[in-house]
Amino acid sequence: MSVDGVGTEQGDGGADEPGWEVDPDDESGVAVVAAVGRQIKAWREAAGMRACEFGAAIGYGEDLVRKVEGGRRIPRPEFLDRSDQVLGAGGKIAAMKRDVAQVRYPKKVRDLAGVEAKAVELAAYVAHGLHGLLQTPGHARALFEARQPPYSQDEVERMVAGRMARQAIFERVPSPALSFVQEESALRRPIGGTLEWRRQLERLLEIGKLRNVTLQVMPTHREAHPGMDGDIDVLKFNDGTAVGRSHGAFNGRRVTDAKQLRILELRYGVIRAEALTPRETLALIEQVLGET
């Protein structure tokens, strides 16, 4: 199911389409959606339109209009654009698209994306699976759908959308320096089925060829290395500060202390040294792709 299409929203209002519900536990998100809803309702009433008339004018069902105005539904960007045009808001409603777009993603994802967006360097080792920044939508969806206890479909779509939004880091200018080390087993697990597996391998080849990205694979036949205890992430910022985290160090807490960061960087440096070179990594990915 597409998280970007508009088809099911029109006509019947698309009220049951997953991925656009408000998370009641996200207080800041609830506040934003409620404020947007109140603004739309105020503009509609000022225009002398009933909810059903307004819905018909913008191509959405009355039920969806009332949910948006009541802060119970996150409006799509095109909903806001059409509302702005029909109500003659002069861009004031459309301008809320950015805030609404952020709210759609779970708060913990927004927080992570905010940190990544400020980083000038990112180094990441993943012990199991692929790093979220490297995943295709289908790969990510298959992972979220496999979680136990299961996420609702709405939660799955919100998590997928949030994960994909984080990948805007590859389009940043100036480009941050990004380094990833993945275990070979992550390349060989057909997450989402054969077709999605091939898409994922092709995506890795694309990312691995970016000039600001260093992508390496840790071969399965390597013996013990410093990443066996779990993932490692280190992000550095333009002001000289940094933050790191590892499941196998400091109780999994985020750390900013220089001594603790040096330990994580030492471990990551050894991991990189024992992994395949970027050129060897791309050759291995191409080999696995050819075998699928």
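The following legends describe close-up views of a predicted model.

View A. One cavity of 30 Å³ or more is present in the structure. The space within the largest cavity amounts to about 30 Å³. Rolling a probe the size of a water molecule over the atoms shows where empty space is left.

**View B. Residues that line the largest cavity.** The lining consists of Leu130, His139, Ala186, Leu187, Arg189, Trp197, Gln200, Leu201 and Leu204. By residue class, six of these lining residues are nonpolar, two are polar and one is charged.

**View C. Helical contributions to the lining of the largest cavity.** At least two lining residues come from each of helix 9 (185-188) and helix 10 (194-208). Helix 10 provides the largest share, with four residues.

**View D. Strand 1 and its burial.** Strand 1 spans residues 119-126 and is mostly covered. Of the eight residues in strand 1, six are buried, that is, under 20% relative accessible area.

**View E. Antiparallel pairing of strand 1 with strand 4.** Strand 4 comprises residues 232-237, and six bridges connect strand 4 to strand 1 in the antiparallel sense. Within this pairing, Leu122 lies opposite Leu235 of strand 4.

**View F. Parallel pairing of strand 1 with strand 2.** Strand 2 covers residues 177-183 and runs parallel to strand 1, to which six bridges join strand 2. Ala123 has Ser179 of strand 2 as its bridge partner.

Methods. Residues numbered from 1 in each chain as written. Predicted model: local features only at pLDDT ≥ 70, side-chain atom pairs only at ≥ 80, totals over all residues. Heavy atoms only, no water. 1 Å grid on protein atoms, 1.4 Å probe; cavity = no way out; pocket = protein on both sides within 12 Å on 5 of 7 lines; lining within 4 Å. Points joined across faces, edges and corners; volume = space filled by probe spheres on them. Nonpolar A, V, L, I, M, F, W, Y, C, P; charged D, E, K, R; others polar. Buried < 20%, exposed > 50% of the residue type's maximum accessible area, 1.4 Å probe, protein only. Pairing = 2+ DSSP bridges.
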